[in-house]
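Trainee: I would like to learn how to read salt bridges. Could you walk me through some examples?

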Amino acid sequence: MRTLWRFIAGFFKWTWRLLNFVREMVLNLFFIFLVLVGVGIWMQTSTGQTEHSTRGALLLDISGVVVDKPSSSSKLGVLGRQLLGSSSDRLQENALFDIVNTIRQAKNDSNITGIVLDLKNFVGADQPSMQYIGKALREFRDGGKPVYAVGDNYSQSQYYLASFANKIWLSPQGVVDLHGFATNGLYYKSLLDKLKVTTHVFRVGTYKSAVEPFIRDDMSPAAREADSRWIGELWQNYLTAIAANRQIPAQQVFPGAQAMLEGLSKVDGDTARYALDNKLVDELASHAQVEKALSKQFGWSKQDNDYSAISYYDYALKAPAELGSGIAVIFANGAIMDGEETPGNVGGDTSAAQIREARLDPQVKAIVLRVNSPGGSVSASEMIRAELAAAKAANKPVVVSMGGMAASGGYWISTPANYIIANASTLTGSIGIFGVINTLENTLGSIGVNTDGVATSPLADISVTKALPPEVQQMMQLSIENGYKRFIGLVADARKSTPEQVDKIAQGHVWTGLDAKNNGLVDSLGDFDDAVKKAAELAKLKQWHLVGYQDEPTFLDRVLDSMTGSTVRAMLPQAMQAWLPAPLAEAATVVKAESDKLAAFNDPQNRYAFCLTCANIR
């Protein structure tokens, strides 16, 4: 017996020692990892972002997407991929204003003699953002320095930026992929019916199509008519910009599908020759030929064994001098939700606190609210709107600069502004309210699960497992109608109109910036620069500097984000996605994005001012 107990005691003793060894080894490895990360940061900050001391080009090699306000620092994103190798370049977010400011700084940098657009990893951006980058490229060209675009192929977004170049090169086997715009969404009615889910929809607005996925299997005629109008205008704006840059007719940029087929048939399906013949590009050239031409223009770097250039990500962006009073710049980028800001979403509490801070700062004389949002929670939108109205009442001029979207709740928060500026391709309006509540009483009943109990009133007897009481349904519809009246009342007061007049252009209608200007929803067409100038004018400032209000993530946040993966990844592991056919992998990503979007809805009254189709353009 004693021998047995010795054996058992010895087993637990050595097991405990093994566990301690494993624990210490894991902690030591994690410590070494953090040390390596720290060394990497030091090396990156001390050597990676140095002054460009040799003459050459600025290589605008944008990877991923361009947004107003990245979920995390783009510079930390580059470092995170270098050290951790975790995120895809296609998922990287780049700050629009960093890109524009870099181009403008390079314009006055004697060591930068031109720009090379290498856009093979550029995924895209909304049209107003690309137009703003194009404006900076044109300023650069007007300063006497050339801009070149190189590419094996060009997507529509890539070609939009490339069209601002003095010269566009295309691979002899390449293509300029122009095909138009489309919107596609998922509709769940049949799925919900099969699952026996009961969907209760409450809405105001003939064109408020955000609830259609729950009640239909296809797009309603009203939504189809409305979306066809604004997406057609966006495509026409795209063609007009390309045509102006290339100095050719818009019909030549995209003559239509049948005419393109006929043109391709004449050149035996040679897409590169078709692009050259139609003046979409200037020259067909191989990599070696392009390299030779760029080396002649910018010189040769023995260190890089390539033409002399510095990547956008390595070019040091200097902080501007702080002259005069401050103009606060506050971003509302993403869906508007209650609570604190989360990556990709606007937090009502966070944005309201930022506006309040700017209102109480004596050095801030005006506020520019940059809105790029499809809307979201009515409660959070009202919190932001009220704080912005307080700033205006404190005699601090408020100017709204609309980006790609300022729809539904995005327009709600814009109403207190002294002045609203939109781009011609901004999607705005969508003035309407909806609510959706799903109950599972039939789903559970089909598998033999039922819910029963007692309540002091029907209003207390609310559960996802029980049918929604008629009294609650009536109260929800009244609440939605009240929210809609509140919405059009705010718009009427702000735009010096009447609720009846606003109702005619509301009803959930989505408008482009140009239509919004004609309908009196915005004051003028322009970009962020125009908004800043207007804010300075209203505040009577001769000199000013911009004061940014946004929370930068810590490096630990970035490390954790890199270890857990991007928030826009699909539920399937990346290794598994690699085995899926491209359409299925894309579908998985879309389903996950839709799921995340719905999961983020958290309005306490289940009321939303949200434009579902505004962000689904492809």
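Mentor: Gladly; we will go through some charged pairs one by one. This is a predicted model, where local features need pLDDT of at least 70 and side-chain atom pairs count only at pLDDT 80 or more, while totals for chains, interfaces and linings use all residues. Residues are numbered from 1 along each chain as its sequence is written, and side-chain values use heavy atoms, with hydrogens and water left out.

Trainee: What is a salt bridge, and how many does the structure hold?

Mentor: Side chains of opposite charge can pair when their charged atoms come close. The term means a side-chain nitrogen of Lys or Arg within 4 Å of a carboxyl oxygen of Asp or Glu. The structure holds 19 of them. One of them joins Lys 167 to Glu 283, at 2.7 Å from N to O.

Trainee: Which parts does the pair Lys 167 and Glu 283 tie together?

Mentor: Lys 167 lies in strand 7 (residues 167-170) and Glu 283 in strand 9 (residues 283-284), so the pair links parts 116 residues apart in sequence. Strands (E, at least two residues) are DSSP runs, numbered from the N terminus.

Trainee: Is Lys 466 buried or exposed?

Mentor: Buried means under 20% relative accessible area, exposed over 50%, and partly exposed in between (1.4 Å probe, protein chains only). Lys 466 has 14% relative accessibility, so Lys 466 counts as buried. Its salt-bridge partner Asp 461, with the closest N and O atoms 2.8 Å apart, is partly exposed at 26%.

Technical notes
Helix = DSSP H or I, 4+ residues; strand = E, 2+ residues; numbered from the N terminus.
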